[in-house]
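Welcome, and please open your viewer. We will go from one selection to the next and say what is there at each stop.

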Amino acid sequence: MTPLQIYLLVSALLFAIGLAAALTRRNAIIVLMGIEIMLNAANLNFVAFWRFGSHPEALTGLVFVLFSIGVAAAEAAVGLALIISIYRHFKTTDVNQISPAPVAQSPGTSRSQGELAAGSNAQEGSA
Amino acid sequence: MVTLAITAVGTVACGALAVSLRNLVHCALFLALSLGGLALLYLQLGAEFIAFAQVLVYIGAVAILIVFAVLLTRGGDPAREPLLSAGWLSGVLIAAGLFAIVSIAILSSGAGKLNNAGPVPPPDSGSAQAVWQGDARQPLQQMPTSNPATVDRIGQALMTKYVLPLEVLGLLLTAALIGAVLIALQEQRPNPPA
């Protein structure tokens, strides 16, 4: 097994770990960590192919990894801000308990919810 | 080769621990360790600048951000809730199948024959470098060292050939910063819903 294949296998293993984490864990922060691990696995692939490719002086892989790191940083910042906001709203970070307003309900409950929303709006307006 | 094996095993083990532990702080710690191991792998690949950028951005910023998020969202007792979703088996199977397919492709491809002797030495003639550099008006001098990725070269590439993507990335980071602050702002509500 050559070094390139070792790097590629490490990268594939990291990607599989990240994918499994993003698919199976319930905590949203762990899901985000899995996504970060997947991004890093892709970066490792870039660097390995840059190094063992036929034109390492072209620097294409390196520059791509730099941009990828920058975009991943932006993604992490926005993702964690979303998680904090969701936690503030739902009081949980469990992705299975986070859901939008119930859609499949009988008309009576939805109307009562509408009245509730209108009532809260009026309350806010009066306040 | 031994160093590579140790680093690779450590990185993968820390990555696996980072997503399988129950205590979120431990998860963040092992994630930082795994990212540090990746930086070591970059160093062994000869990409020093990428390694230091990895340490700076991931261990210095992203890991700290994750720790902040973990501490800010720690509500009540984590108790004995199940760690995994209901359909966790299918997720694990999908990941394992993906790894099997990719590893078979890697092992059976010509990647091993691509460059058995290790990294390609840089070309000796300056003409080939003038071709890759993209800026034909200022062809670089003869490559001084055997390392093709000095900070000097990366900086020149970023400032000439990739200057537009760099500016766009700066814009994206600014927008993400503002967006993150706006999203995470405390909602101004006199009566928070019960």
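This is a predicted model: local features need pLDDT of at least 70, side-chain atom pairs count only at pLDDT 80 or more; totals for chains, interfaces and linings use all residues.

Residues are numbered from 1 along each chain as its sequence is written, chains are lettered from A and ligands numbered from 1 in the order in which they are written, and side-chain values use heavy atoms, with hydrogens and water left out.

**Stop 1: where the chains meet**

Color chain A and chain B separately. Contact here means heavy atoms within 4.5 Å, and 87 residues from chain B and 71 residues from chain A take part. Together the two chains bury about 7200 Å², with 77% of that on carbon and sulfur atoms. Buried area is the accessible area (1.4 Å probe) that two parts lose on being put together, summed over both.

Now select Val19(B), Leu45(B) and Tyr58(B): they supply 10% of the area that chain B buries against chain A, more than any other three residues. Next, show helix 3 (48-72) of chain B, which gives twelve residues, the largest share of the side of chain B that touches chain A. Helices are DSSP runs (H or I, at least four residues), numbered from the N terminus.

That side of chain B has 65 nonpolar, 19 polar and three charged residues. In this scheme Ala, Val, Leu, Ile, Met, Phe, Trp, Tyr, Cys and Pro count as nonpolar, Asp, Glu, Lys and Arg as charged, and the others, Gly among them, as polar.

**Stop 2: helices side by side**

Select helix 2 and helix 3 of chain B. Their axes come within 9 Å and cross at roughly 175°. Axes are lines fitted to C-alpha atoms, for helices over the stretch in contact, and angles run from 0 to 180 degrees between N-to-C directions. These two helices are therefore roughly antiparallel (angles over 145 degrees). Residues in the contact include Leu24(B) and Tyr42(B) of helix 2 and Tyr58(B) of helix 3.

Switch to helix 2 and helix 3 of chain A, which pack at an angle of about 175° with axes 10 Å apart. Helix 2 of chain A is therefore roughly antiparallel to helix 3 of chain A.

How do helix 2 of chain A and helix 2 of chain B run, parallel or antiparallel? They pack at an angle of about 5°, with their axes 11 Å apart, which means they are roughly parallel (angles under 35 degrees). Show Asn40(A) and Asn43(A) with Leu31(B) and Leu35(B), which are among the residues of this contact.

**Stop 3: a salt bridge**

Zoom to Arg26(A) and Asp94(A), whose side chains meet in a salt bridge at 2.6 Å, N to O. The term means a side-chain nitrogen of Lys or Arg within 4 Å of a carboxyl oxygen of Asp or Glu. Arg26(A) lies in the loop between helix 1 and helix 2 of chain A, and Asp94(A), 68 residues apart from it, in the loop between helix 3 and helix 4. The count over all chains is one salt bridge, and between chain B and chain A it is zero.

Key: Angles under 35 degrees count as roughly parallel, over 145 as roughly antiparallel, 65 to 115 as roughly perpendicular and the rest as oblique.
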